[in-house]
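Me: I have a chain open here and want to talk it through. Can you go over it with me?

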Amino acid sequence: MASRKVFNQLLLLPIVLMNFFVLHCQCARLLKIEKAENLVTATCKHTLHMQVCISSLKSVPGSNTSDTKGLAEIALNLSITYAAETLSYVYELKKSSSSANGPNNIYVSHCLSDCVEEYSEAIENLQDSAQALANGEYDRVDTLVSAAMSDAETCEDGFKDMLNDDNDSTSPLSERNLYFSELCSNALAITKLLV
């Protein structure tokens, strides 16, 4: 009888050990995910636009396994992508405004042409800043991302001049320019954590 009890305990031991191992692995995986999510949140607390930071970074699958430098790279790539999408949008607006007549449409078309130039330059600045980040040139990243933000502001300023002349007009890019600036601001704040 005693030998049967020992035999049953010996059979039970591998099952208990296997369950312990599985639970340990699952807990470790959950802790790793929680730690990564906490890194995103902790990092974004250093930005001016925390909610934009959290939602944009978490929208990228690789963010949950990144370190702070990886989050800075993701933030820059998000800025580049959004600038490219905005540039495409500006081309669409320019195409539709060129078919309309009137003095306001001529001015809008001129502003949109300026915005094409500004966003093209912003994309180039951000691409250069991504390379600077990879090389650890954090001051250069700051300069280039700040220049990209200025490009978006210059685009918006052209419409503000038109708005002063016509109170019924609105900038078709205000929301996009603002969101782009928020993305860039977040990228700058995250990069400063690396210094």
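The chat below goes from the overall fold to single residues.

Reply: This is a predicted model, so local features need pLDDT of at least 70, side-chain atom pairs count only at pLDDT 80 or more, and totals for chains, interfaces and linings use all residues. Residues are numbered from 1 along each chain as its sequence is written, and side-chain values use heavy atoms, with hydrogens and water left out.

Me: How many helices and strands in the protein chain?
Reply: Six helices and zero strands. Helices (H or I, at least four residues) and strands (E, at least two) are DSSP runs, numbered from the N terminus. The order from the N terminus on is α-α-α-α-α-α.

Me: What share of the residues is buried?
Reply: Of the 195 residues in the protein chain, 36% are buried. Buried means under 20% relative accessible area, exposed over 50%, and partly exposed in between (1.4 Å probe, protein chains only).

Me: And the accessible surface, what does it come to?
Reply: About 11700 Å² for the protein chain, with 57% of that belonging to carbon and sulfur atoms. The areas come from the Shrake-Rupley method with a 1.4 Å probe; for residues, only the protein chains shown count as cover.

Me: What percentage of contacts join residues at least 24 apart?
Reply: 69%, among contacts in the protein chain between residues at least 6 apart in sequence. Contact means heavy atoms within 4.5 Å.

Me: On to the core. How many residues has the largest nonpolar core?
Reply: It has 44 residues, and those with the most contacts inside it are Leu57, Leu126, Phe159, Leu173 and Phe180. Helices H1 (2-44), H2 (50-58), H3, H4 (103-134), H5 (138-165) and H6 (174-192) each supply at least two residues of this core. H3 gives the most, with twelve residues. A nonpolar core is a set of buried Ala, Val, Leu, Ile, Met, Phe, Trp, Tyr and Cys residues joined through side-chain atoms within 4.5 Å.

Me: What does phenylalanine 159 touch?
Reply: Not counting residues up to four places away in sequence, phenylalanine 159 touches Val108, Cys111, Leu112, Cys115, Ser171, Pro172 and Leu173.

Me: Threonine 86, where does that lie?
Reply: In helix H3, which covers residues 68-98. Threonine 86 is buried, because its relative accessible area is 0%. Beyond residues up to four places away in sequence, threonine 86 touches Tyr119, Leu173 and Arg176.

Me: What does the charged end of arginine 176 sit over?
Reply: The ring of tyrosine 89, 4.7 Å from its centre. A charge sits over a ring if NZ of Lys or CZ of Arg is within 6 Å of the ring centre and within 35 degrees of the ring normal.

Me: Rings, then. How many aromatic pairs are there?
Reply: A search of the whole structure finds two. One of them is tyrosine 82 with tyrosine 179, which is edge-to-face at 4.9 Å centre to centre and 70° between the planes. Tyrosine 82 lies in helix H3 and tyrosine 179 in helix H6, so the pair ties together parts that are 97 residues apart in sequence. Rings of Phe, Tyr and Trp (its six-membered ring) pair if their centres lie within 6.5 Å; planes under 30 degrees apart count as stacked, over 60 as edge-to-face and the rest as tilted.

Me: Tyrosine 82, buried or exposed?
Reply: Tyrosine 82 is buried, because its relative accessibility is 15%. Tyrosine 179 counts as partly exposed at 26%.

Me: How many salt bridges does the structure hold?
Reply: Two. A salt bridge is a side-chain nitrogen of Lys or Arg within 4 Å of a carboxyl oxygen of Asp or Glu. In one, the side chains of aspartate 142 and lysine 192 meet at 3.4 Å, N to O. Aspartate 142 lies in helix H5 and lysine 192 in helix H6, so the pair ties together parts that are 50 residues apart in sequence. Aspartate 142 is partly exposed at 25% relative accessibility, and lysine 192 is exposed at 54%.

Me: And what does glutamate 137 form a salt bridge with?
Reply: Arginine 140, with the closest N and O atoms 3.7 Å apart. Glutamate 137 is partly exposed at 34% relative accessibility, and arginine 140 is partly exposed at 41%.

Me: Last one: what is aspartate 128 in contact with?
Reply: Arg140 and Leu144, leaving aside neighbours within four places in sequence. Aspartate 128 lies in helix H4 and is partly exposed, at 31% relative accessibility. The C-alpha atoms of aspartate 128 and arginine 140 are separated by 8.9 Å, and the two residues are twelve apart along the chain.
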